[in-house]
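Here are my notes on the model, as numbered points. Please read them with the structure open.

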Amino acid sequence: MLGNADSVADDSFAPGAMESLLEGPVYTKPPVWRDRGIPDVLLSGHHGAIARWRRDEALRRTARNRPELLARLDPSALDAHDRKVLAEAGFPVDGEDMAH
């Protein structure tokens with residue numbers, strides 16, 4: 001049983017915005033651990049910016065570790081920002097063939 005049913009929305013392969021993507025990094029308290037801090041955006045309280053950061057990290061992690069999963073994505077499900085993030089991660093998207 002989940003404490004928050006919405007928590008699964010960001011899990012790897014969850015339907016919706018994270019479908020076919022690996023989950024991005026997860027942070028917890030304390031805000032700094034072993035000299036590694038939580039990204040400022042996650043402490044901002046700006047839910048839209050946090051959702052965008054999580055998706056960007058999921059795209060980067062998937063491109064790096066499981067690029068074949070990106071071939072499952074419908075190219076129309078990617079916005080211009082997604083395409084930019086993937087290109088910066090070394091996985092250019094041409095709109096038709098997502099196989100890398």
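**Notes on the predicted model**

1. By class, the lining of the second largest pocket has 6 nonpolar, 2 polar and 2 charged residues. In this count Ala, Val, Leu, Ile, Met, Phe, Trp, Tyr, Cys and Pro are nonpolar, Asp, Glu, Lys and Arg are charged, and the others, Gly among them, are polar. The lining residues are V26, Y27, T28, K29, P30, P31, W33, R36, G37 and I38. The space in this pocket is about 240 Å³. A pocket is an open set of points on a 1 Å grid over the protein atoms alone, where a 1.4 Å probe fits, with protein on both sides within 12 Å along at least five of seven lines; lining residues have an atom within 4 Å of a point. The volume is the space filled by probe spheres set on the points, which are joined across faces, edges and corners.

2. On the basis of the model: it is predicted, local features need pLDDT of at least 70, side-chain atom pairs count only at pLDDT 80 or more, and totals for chains, interfaces and linings use all residues. Residues are numbered from 1 along each chain as its sequence is written, and side-chain values use heavy atoms, with hydrogens and water left out.

3. The protein has 4 helices and 2 strands, in the order β-β-α-α-α-α from the N terminus. These are DSSP runs numbered from the N terminus, helices being H or I with at least four residues and strands E with at least two.

4. Of the 100 residues, 26% count as buried; buried is under 20% relative accessible area, exposed over 50% and partly exposed in between (1.4 Å probe, protein chains only). Among contacts with a separation of 6 or more, 47% join residues 24 or more positions apart, a contact being heavy atoms within 4.5 Å.

5. The largest nonpolar core has 12 residues: M18, L21, A58, L59, A63, L70, L73, L78, V85, L86, F91 and V93. Leaving out residues up to four places away in sequence, A63 touches L70, L86, A89 and F91.

6. Which other residues of α2 deserve a look? D56 lies in this helix and is buried at 8% relative accessible area; beyond four places in sequence, D56 touches H81 and V85. R60, also in α2, is partly exposed at 28% and, neighbours within four places aside, is in contact with V85 and A89. R60 and L21 are 39 residues apart in sequence, with C-alpha atoms 9.3 Å apart. R64 of α2 counts as exposed at 57%, and its C-alpha is 8.6 Å from that of F91, 27 residues away in sequence.

7. Some backbone points to check. The peptide bond from K29 to P30 is cis, with omega near 0°, and P30 sits in the segment before β1 (32-33). S20, in the segment before β1, has phi near 70°, a positive value in a residue other than glycine; S20 is buried at 11%. D35, in the loop between β1 and β2 (36-37), has positive phi near 65° and is exposed at 79%.

Conventions:
Core = buried A, V, L, I, M, F, W, Y, C linked by side-chain atoms within 4.5 Å.
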